[in-house]
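Dear colleague,

I am passing on the structure below, followed by an account of what was found in it. Please read the notes with the coordinates open beside them.

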Amino acid sequence: MKGFAMLEIGKVGWIEKENPVCGPLDAIIKPIALAPCTSDIHTVWEGAVGERTDMILGHECCGEVVEVGSLVKDFKPGDRVLVPAITPDWNSLEAQAGYSMHSGGMLAGWKFSNFKDGVFGELIHVNDADGNLALLPEGIEPEEACMLSDMVPTGFHGAELADIQFGDTVLVIGIGPVGLMSVAGSNLRGASRIFAVGTRPVCIEAAKFYGATDIISYKEGPIVEQVMKLTDGKGVDKVIIAGGTVDTFAEAVECLKPGGKIGNVNYLGNGDYVKIPRVEWGVGMGHKQIQGGLMPGGRLRMEKLARLVECGKLDLSKLITHRFEGFEFVEDALMLMKDKPSDLIKPVVRVEK
Ligand code: NDP
Ligand code: ZN
């Protein structure tokens, strides 16, 4: 089969590979639609997960089942399915402990385009099919379904990690597609004021659509100064980090009220240490909590998030700014994600009708 791959750090291209083999619990899928992710860019051009040779990229897709293993109960060839970016081994001890994303080791629930070939191939191998696939509802178009693989669950996980409660004031740092879904997730969880940090006009417009009440530009002075000005020097209850660098944590801590919580879903592609400012962290006693996490993945989460789209509570169409038709356009879509033109939120490639 053909796939679009990371050849080595800094290099991508089309390659031929053996078809994936379906184990008893697995499924083989052919893609209906695919989307590249900022994480693919970190993986290839920043070497964020280390060297990978001839590994097919991508972890966001929906598809049609072409084969299932002998022990798969709930899916059959011909089913159209949602596929999460994170596909845990649900019988692992880590999953039983509530950390499915770390099944088999730290971050090891993230298999596509990390430990095995990703979804930018003619055929895709999905482990633990009953635990990880979900039927694609009739009312959700395949392009939008791709947003359910990673953007929605990751952005929403930021809102879970920051523990957003009714009436909370929330700062969302970064309003690319992930941060936009953190804005939407905070809004659904009952946040009051939502301060959104970003500069691309298309993202600012979408942030307002998803519930942001105030926009902050990190290019116009320190974020903390702008947040303090807007909150009469009090700061915010919660911060979600969905963009920036290792230094963004210091800004997040500075913006937070005592007892506040930070949820990070940003992928730290470089830098050795995350620094926490001593005084603003209450000289070690400010009860400011910091959590960073990979999204959980799996079938139940896919089904629940899809229901939000089906019943009209979450409109994903605003995330998709560029649409391509034909598998060969995966390369163009990935390059768009690398270059991030000012009118881009998310590109999607339709492979099959
Ligand atoms: P984008 O690059 O589209 O968005 C990044 C956002 O951060 C933009 O709004 C950008 O502003 C803003 N930003 C850039 N620099 C700074 C800065 N110095 N201070 C504050 N804000 C800044 O990324 P995505 O939304 O696609 O992804 C966000 C992150 O989430 C990535 O690191 C990605 O790898 C990660 N990720 C994590 C996953 C997980 O499971 N934890 C899964 C998927 C993605 P501007 O408007 O100027 O561009
Ligand atoms: Zn992703």
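Ligand 1 is surrounded by 27 residues, and the closest of them are Thr38, Ile175, Thr199, Tyr218 and Asn266; please bear in mind throughout that this is a predicted model. Domain 1 (2-150 + 295-350) and domain 2 (155-292) both contribute residues to the shell around ligand 1, so the ligand lies between them. By class, this shell holds twelve nonpolar, twelve polar and three charged residues. Helix H1 (38-45) provides the largest share of the shell, three residues, and H6 is also a source of at least two.

As for polar contacts, a polar side-chain atom of Thr38 lies 2.5 Å from an oxygen atom of ligand 1, while an N or O atom in the side chain of Asn266 is 2.6 Å from an oxygen atom of the ligand. Tyr267 takes part through its backbone, with a polar atom there 3.2 Å from an oxygen atom of ligand 1. Of the 950 Å² of accessible area that ligand 1 has on its own, the protein covers 86%.

The second largest pocket holds about 280 Å³ of space, and among the 14 residues lining it, Phe156, Glu160, Arg189, Arg301 and Leu305 are the closest to its centre. Helix H5 (151-161), helix H6 (177-188) and helix H10 (299-310) each supply at least two lining residues, with H10 giving the most, five. The lining comprises eight nonpolar, two polar and four charged residues, and at least three residues come from each of domain 1 and domain 2.

With best regards

Methods. Residues are numbered from 1 along each chain as its sequence is written. Chains are lettered from A and ligands numbered from 1 in the order in which they are written. This is a predicted model: local features need pLDDT of at least 70, side-chain atom pairs count only at pLDDT 80 or more; totals for chains, interfaces and linings use all residues. Side-chain values use heavy atoms; hydrogens and water are left out. On a 1 Å grid over the protein atoms alone, a cavity is a set of points where a 1.4 Å probe fits but cannot get out, and a pocket is an open set with protein on both sides within 12 Å along at least five of seven lines; lining residues have an atom within 4 Å of a point. Grid points are joined across faces, edges and corners, and a volume is the space filled by probe spheres set on the points. Helices (H or I, at least four residues) and strands (E, at least two) are DSSP runs, numbered from the N terminus. Ala, Val, Leu, Ile, Met, Phe, Trp, Tyr, Cys and Pro count as nonpolar, Asp, Glu, Lys and Arg as charged, and the others, Gly among them, as polar. Domain bounds come from an automatic or database domain assignment. A residue is near a molecule or strand if one of its heavy atoms lies within 4 Å of it. A polar contact is a pair of N or O atoms within 3.5 Å; within protein, one must be able to donate a hydrogen and the other to accept it, and residues adjacent in sequence count only if both atoms are side-chain atoms. Accessible areas come from the Shrake-Rupley method with a 1.4 Å probe; for residues, only the protein chains shown count as cover.
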